[in-house]
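Here is a short report for a first look at this protein. Start with the overall build, then turn to the charged side chains.

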Amino acid sequence: MKYLKPEVIAEIGCNHRGEMNTAKELIRVAAIYCGADAVKFQKRCNRELLTTEQYNAPHPNPANSYGRTYGEHREYLEFTAEQHKELKEYCGQMGITYSTSVWDLTSAKEIAALEPAFIKIPSACNNHFKMLEWLCDNYGGEIHVSLGMTTHEEEEKLITLFETKGRNQDLVVYACTSGYPVPFEDVCLLEINRIRDAYGTRVKKIGFSGHHLGIAVDVAAYTLGASIVERHYTLDRTWKGTDHAASLEPEGIRKLKRNLTAVYASLQYKEKEVLDIEEIQRDKLKYREH
């Protein structure tokens, strides 16, 4: 297996709490302190995505709600297309890639107009074929898709769509278990092997979207073939909101990037039987017959 240079995506999602200053601080810290390769937000058109009943229902966890109803909560956390443009420009200033997950066709069109390097499709929407087809036809960048809560038949249908559109070499698929947080026994890292065997020659890259605690299993995901690792990211795991507890703080993202970079440098064979660094030790320590 040829190992690609690892990439770390710090998924901000809605962890900015609806505050532009917080969003920019998350970008700045991810770029300067953590050394992440990209940050990722989310974009929803809530009136399109939710039924009237869902929009007007109370938040299932009122302590984490930013509004009287679930719809109000979602609207409070939503940035406009113009604000996303501002965030993309700030990412450029900070030297980090901007991206966004899109949940509906309206949001896909708004974000595609900004021409980010890649757009992400979350597991919940990877069967939204009207949106996927529009992106294949109208957006030129990479399209990243998570495969959480998805059957093998649905995966095949997804890959085939991109092949039919001639866009499969712009497609990145992510092994993922949809849960917040996910216990280690449900991370199922060996799914990366299955995805690589099934689709490795049919897509551009394979990634891993993790919702577990800590950073131990991410290195294993990389060694199994997931060259992109995406983790939720926050400045403070105790903040109000549903995603913070399953997110990494800056130190976690920094160590993740450091560890993956170290593993990437290590994953090679010896270029000769005894390396130059070993010669001094061999002369000094190697057993010799007297």
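## Overall build

The protein has twelve helices and eight strands. Both are DSSP runs numbered from the N terminus: helices are H or I with at least four residues, strands are E with at least two. The radius of gyration is 21 Å, close to the 19 Å that the globule rule gives for 290 residues, so the protein is as compact as a globular protein of that length. The radius is taken over C-alpha atoms, and the rule is 2.2 Å times the number of residues to the power 0.38.

This is a predicted model: local features need pLDDT of at least 70, side-chain atom pairs need 80 or more, and totals for chains, interfaces and linings use all residues. Residues are numbered from 1 along each chain as its sequence is written, and side-chain values use heavy atoms, without hydrogens and water.

## Burial

Of the 290 residues, 50% count as buried. Buried means under 20% relative accessible area, exposed over 50%, and partly exposed in between (1.4 Å probe, protein chains only).

## Salt bridges

The whole structure holds 23 salt bridges. Each puts a side-chain nitrogen of Lys or Arg within 4 Å of a carboxyl oxygen of Asp or Glu.

Arg202 and Glu163 form one of them, at 2.7 Å from N to O. The pair links distant parts of the chain, 39 residues apart. Arg202 sits in the loop between helix H9 (191-199) and strand S7 (205-210), Glu163 in helix H8 (residues 152-164). Arg202 is buried at 18%, while Glu163 is partly exposed at 29%.

Asp276 pairs with Lys272, their closest N and O atoms 2.5 Å apart. Shared partners also join Glu11, Lys40, Lys120 and Glu230 into one network of salt bridges.
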